[in-house]
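Dear colleague,

I am handing over the structure we spoke about, together with some notes on what turned up in it. Please have the coordinates open while you read.

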Amino acid sequence: MVSTSSRASAAQAGAPPRAAPARKVLVIYNPVAGPRQRRQFGATLRHLTMAGCTVAVRETAAAGAAGTLARAALDENHDVIVAAGGDGTINEIINAVAGTSAVLGLIPLGTANVLAAEIGLPDDPRGIAEVIAHGRPRPIYLGAVGTRRFAMMASFGYDAQAVDRVDLALKRRLGKLAYVASALATWLRPRDVRFTLEIDGRPDSAASVVVAKGHYYGGRFQCAPEARLDDPRLYVCLLERPGRWNLLRYGLALGTGQLSRLRDVRIVPAEIVRVTAPAGEPIQADGDIVGETPAEFRVSSERLNLLMPDA
């Protein structure tokens with residue numbers, strides 16, 4: 001008879017490590033996507049199945065449905081809840097599962113896919129499925145404006161004005177070009193205002209403000225280069241000067257990676273940001289309008305377990 005200790009020694013000496021059990025995956029899917037995104041989605045599901053995952057898919061039917069489906073899933077037996085859609089769909093699900101033990105994965109199908117870029121998620125179906133099937137969940141800090149959490153950034157001023165003007169039907173047909181059209185309309189007819197702020201209790205002001213949680217913005221542009229998801233701070237990007245030509249200058253600097261180097265752009269780490277005036281200006285978070293000024297921005301007390309590629 002072989003003793004228990006002998007069996008244990010043999011296992012340690014030469015037996016291969018036991019594979020982790022296959023994950024039970026719930027995919028919350030926003031079907032408002034073009035043909036390329038649908039092909040990407042279908043191929044990712046096939047790779048998940050090939051990896052041994054048990055996969056269930058639930059489609060959203062209207063705005064807000066992704067969050068409702070995610071909240072319902074919290075009482076079910078899933079190892080991973082996957083957001084399959086754009087940054088707006090992901091934001092809905094984040095607001096449903098933050099602060100719980102749920103683990104979130106991503107299948108990016110949207111226009112900008114900023115959170116996916118931030119964590120270095122592969123852009124091929126096999127690589128995305130590998131992260132969902134075997135990736136390690138890591139807790140990240142979220143920003144919050146009022147009761148709405150955001151993963152990447154929120155803003156008010158020119159950026160939020162452009163988001164507020166986006167034609168959703170045009171966005172479904174043209175994707176990023178709809179944002180280009182809206183940005184052009186904002187440049188031609190900007191609402192030049194000056195915001196009154198408090199940053200950690202210190203008075204400040206700016207013509208336009210981005211409150212960043214990650215360092216990417218609008219895709220792979222960098223607004224606050226030092227911001228990171230594992231940093232328990234916000235980074236406030238203050239664009240100081242109003243006017244059409246300054247807006248153009250800021251846009252060109254952002255596109256060439258030089259925004260943070262401009263003399264009239266300041267990036268300030270902060271815990272709490274309050275905008276007090278003017279009232280009624282739109283606020284966007286993760287690409288969707290979520291409210292109006294005045295408002296308070298802070299780091300959320302509730303963290304999110306997000307599946308990421310191995311570093």
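Does tryptophan 245 count as buried or exposed, and what relative accessibility does tryptophan 245 have? Before the answer, please keep in mind that this is a predicted model, and that the values below are computed from it.

Tryptophan 245 has a relative accessibility of 59%, and because the cut-off for exposed is over 50%, this residue counts as exposed. The residue belongs to helix H10, which covers residues 244-255, and together with Leu248 and Leu252 tryptophan 245 makes a nonpolar surface patch of about 350 Å².

The second topic is strand E17 and its partners. Strand E17 comprises residues 282-285, and both of its faces are covered, with Pro282 and Gln284 buried on one side and Ile283 and Ala285 buried on the other. As background, side chains in a regular strand alternate between the two faces of the sheet. Strand E17 pairs in the antiparallel sense with strand E8 (residues 153-156) over 3 bridges, and in that pairing alanine 154 stands opposite alanine 285. Strand E17 is also joined to strand E18 (residues 288-292), again antiparallel, by 4 bridges, where isoleucine 283 has glycine 291 as its bridge partner.

One of the pairs is formed by tyrosine 29 and phenylalanine 41, which are stacked at 3.9 Å centre to centre with 5° between the planes. Since tyrosine 29 lies in strand E1 (residues 24-29) and phenylalanine 41 in helix H2 (residues 35-50), this pair ties together parts that are 12 residues apart in sequence. Tyrosine 29 counts as buried at 5% relative accessibility, and phenylalanine 41 likewise counts as buried, at 7%. Elsewhere in the model, Phe156, Phe195 and Phe297 form one aromatic cluster.

Finally, there is a contact between a charge and a ring: the charged end of arginine 303 sits over the ring of tyrosine 141, at 4.0 Å from the centre of that ring.

How values were computed:
Residues are numbered from 1 along each chain as its sequence is written. This is a predicted model: local features need pLDDT of at least 70, side-chain atom pairs count only at pLDDT 80 or more; totals for chains, interfaces and linings use all residues. Side-chain values use heavy atoms; hydrogens and water are left out. Buried means under 20% relative accessible area, exposed over 50%, partly exposed in between (1.4 Å probe, protein chains only). Helices (H or I, at least four residues) and strands (E, at least two) are DSSP runs, numbered from the N terminus. Two strands pair if DSSP finds at least two bridges between them. Patches are made of residues with over 30% relative accessible area and no salt bridge: like charges are joined within 9 Å, nonpolar side chains (Val, Leu, Ile, Met, Phe, Trp, Tyr) within 5 Å. Accessible areas come from the Shrake-Rupley method with a 1.4 Å probe; for residues, only the protein chains shown count as cover. A salt bridge is a side-chain nitrogen of Lys or Arg within 4 Å of a carboxyl oxygen of Asp or Glu. Rings of Phe, Tyr and Trp (its six-membered ring) pair if their centres lie within 6.5 Å; planes under 30 degrees apart count as stacked, over 60 as edge-to-face and the rest as tilted. A charge sits over a ring if NZ of Lys or CZ of Arg is within 6 Å of the ring centre and within 35 degrees of the ring normal.
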